[in-house]
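Biologist: I would like to go through this model feature by feature, hearing the general idea before the particular case. Could we begin with how the chain is divided?

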Amino acid sequence: MATRTIRGPQLARLLADWRGAGPEYQALARALSGLLVDGRLPLQLRLPAERELAVALGSSRTTVSAAYRTLRQRGFLRSRRGAGSWTALPEDHRLTPAGLLTRYDEAELLDLSFAAPAAPDVLPEAVAEAAEELPRYASAHGYFPMGIAPLREAVAESYTARGLPTSPAQIVITSGAQQAYDLLLRLLTGPGETVLIESPTYPNAPEAARAQRLRVASYGLGPDGWDAELLTDTVRQVRPRAAYVCADFHNPTGHVMPAEVRSRLVAAAHAAGAMVIVDETFAELTLDTAADPLPPPVAAHDRHGRVLSLGSMSKAFWGGLRIGWIRGPASLLIHLAASRAATDLGSPVLEQLIAVRLLARREQVLDGRRHAFAQARDFLAAALAERLPQWRFRLPSGGVGLWLELDAPISSALVRAAEAHGLRLAPGPRFGVDGVLEQYLRLPFTLPQAELACAVERLVAASEDVHTAPAAEWPPSLVVA
Ligand SMILES: Cc1ncc(COP(=O)(O)O)c(C=O)c1O
């Protein structure tokens, strides 16, 4: 109940020139809600009685009464007969950290369906330098189906620095890891053939395979990640054309594939005549300085040209660049670049130049990212432990998200309810090759901490909604990345 009140003359002073177009009661309601929205009237403040305010404003009681009624209908006011009227937070509004009331409209939507951060601060510098270099390329056609030389060199060097000697001829630049994967499937497989994919997995992996009319077989990750025996047996039995794995900070679980599993997977793939597509999108995002270093890349176990590694600028740098790459046998990549021409003649030169400039600042950017993500991860974990202790999770040592085990199989209902509270999420089943995983939810920590705090509050509200009255309608399917 209210602890504060405001007297008629005080409120009249705040309202100042409140009269405007239209009926007087509407102008008064607008002016009062305006004071609330911009934080000049706090919540749970008892407003003057109708008669008192009417006198202070030189207006009629009927006008004040109608204005209060309008505010009540919009949720800005709660009244109890004989006791008074208090300012309130309408259900379709939220209180921002700055004390403002804002509607949950699209601009206010917190979008956690994308696990990718905003661009680093150095982006404008990198763009300016790249723009200066562009004229060197502008005098020729500008088509580079394998990517521009300086970027292929920079990416090759980054593999060599990870202990995997690589020449630029082993690199093709693509428009994101997503295109890299799609191009590889086109090159390596034909309709009706099988791709083996982990479950849970990055949702666009099975979707791209199905779009190419491939069969998708799944290998189920356990609570501790991969089981070498099961994985290699599955490869032997399914005999896929390709197996897709996300070995370093797996999306969505955060698991890291142990060295032994890597080596046995490559051997099993070779024996079964399968290629291995390794998605290394998160490999640079080790968050704990004290954590064990990542095992050598899967390709380090490859002696027969079976492994193709995918990388991306999207998670450590910026997804808006749409720059990714493939590392693989040079002879195979030439065929890939040739087959790419049917749908795409190469990635934009300016974005590739920007990527070169960003990679030149790699240590600086990565240090900042690791520090910020580690803090955001710990902040989110603490907020969840306090506000939603019934949900369980393992703290990942890298990557950009938590994989939560919910208290019941409610993931889809929860995501529906969260939309109504201005929070967009990808439900667990989106990550399942066979659509299960209703008891799981991925929660990225790529947003600033204030927004993560707000997201947790919205999750609390959504969880209460689901446990009291499950929402009836499904939202349209989300794009997830
Ligand atoms: C595992 C994984 N692979 C690939 C991608 C797509 O990356 P890109 O933006 O480079 O296409 C994502 C994006 O979320 C991802 O999580």
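Modeller: Domain bounds here come from an automatic or database domain assignment, and the protein is divided into domain 1 (4-90), domain 2 (110-118 + 364-468) and domain 3 (123-360). The C-alpha centres of domain 1 and domain 2 lie 39 Å apart. This is a predicted model, in which local features need pLDDT of at least 70 and side-chain atom pairs count only at pLDDT 80 or more, while totals for chains, interfaces and linings use all residues. Residues are numbered from 1 along each chain as its sequence is written, and side-chain values use heavy atoms, with hydrogens and water left out.

Biologist: How should I read the order of strands in a sheet, and which strands stand at the edges of the seven-stranded one?

Modeller: Strands (E, at least two residues) and helices (H or I, at least four) are DSSP runs numbered from the N terminus, and two strands pair if DSSP finds at least two bridges between them. Seven strands form an open sheet with mixed pairing, in the order E8-E14-E13-E12-E11-E9-E10. Strand E8 (171-174) and strand E10 (215-220) are the edge strands, each with a single partner strand, so one side of each is left without a neighbour in the sheet. Within this sheet, strand E13 (residues 307-312) and strand E14 (residues 324-327) run antiparallel and are joined by four bridges, and the bridge partner of Ser309 in E14 is Arg327.

Biologist: What does Arg327 lie over?

Modeller: A charge sits over a ring if NZ of Lys or CZ of Arg is within 6 Å of the ring centre and within 35 degrees of the ring normal. Arg327 lies over the face of Tyr159, at 5.8 Å from the ring centre.

Biologist: How many aromatic pairs does the structure hold, and how are they described?

Modeller: A pair of aromatic rings is described by the distance of the centres and the angle of the planes. Rings of Phe, Tyr and Trp (its six-membered ring) pair if their centres lie within 6.5 Å, and planes under 30 degrees apart count as stacked, over 60 as edge-to-face and the rest as tilted. The structure holds four aromatic pairs. One of them, Tyr181 with Tyr244, is edge-to-face, at 5.0 Å centre to centre and 65° between the planes. This pair links distant parts of the chain, with Tyr181 in helix H7 (residues 176-188) and Tyr244 in strand E11 (residues 242-245), 63 residues apart. Tyr181 is buried at a relative accessible area of 3%, and Tyr244 is buried at 2%.

Biologist: Is the pair of Trp403 and Tyr440 stacked or edge-to-face?

Modeller: Trp403 and Tyr440 are stacked, at 5.3 Å centre to centre and 10° between the planes. Trp403 lies in strand E15 (residues 401-405) and Tyr440 in strand E17 (residues 440-444), so the pair ties together parts that are 37 residues apart in sequence. Trp403 is buried, with a relative accessible area of 12%, whereas Tyr440 is partly exposed at 25%.

Conventions
Buried means under 20% relative accessible area, exposed over 50%, partly exposed in between (1.4 Å probe, protein chains only).
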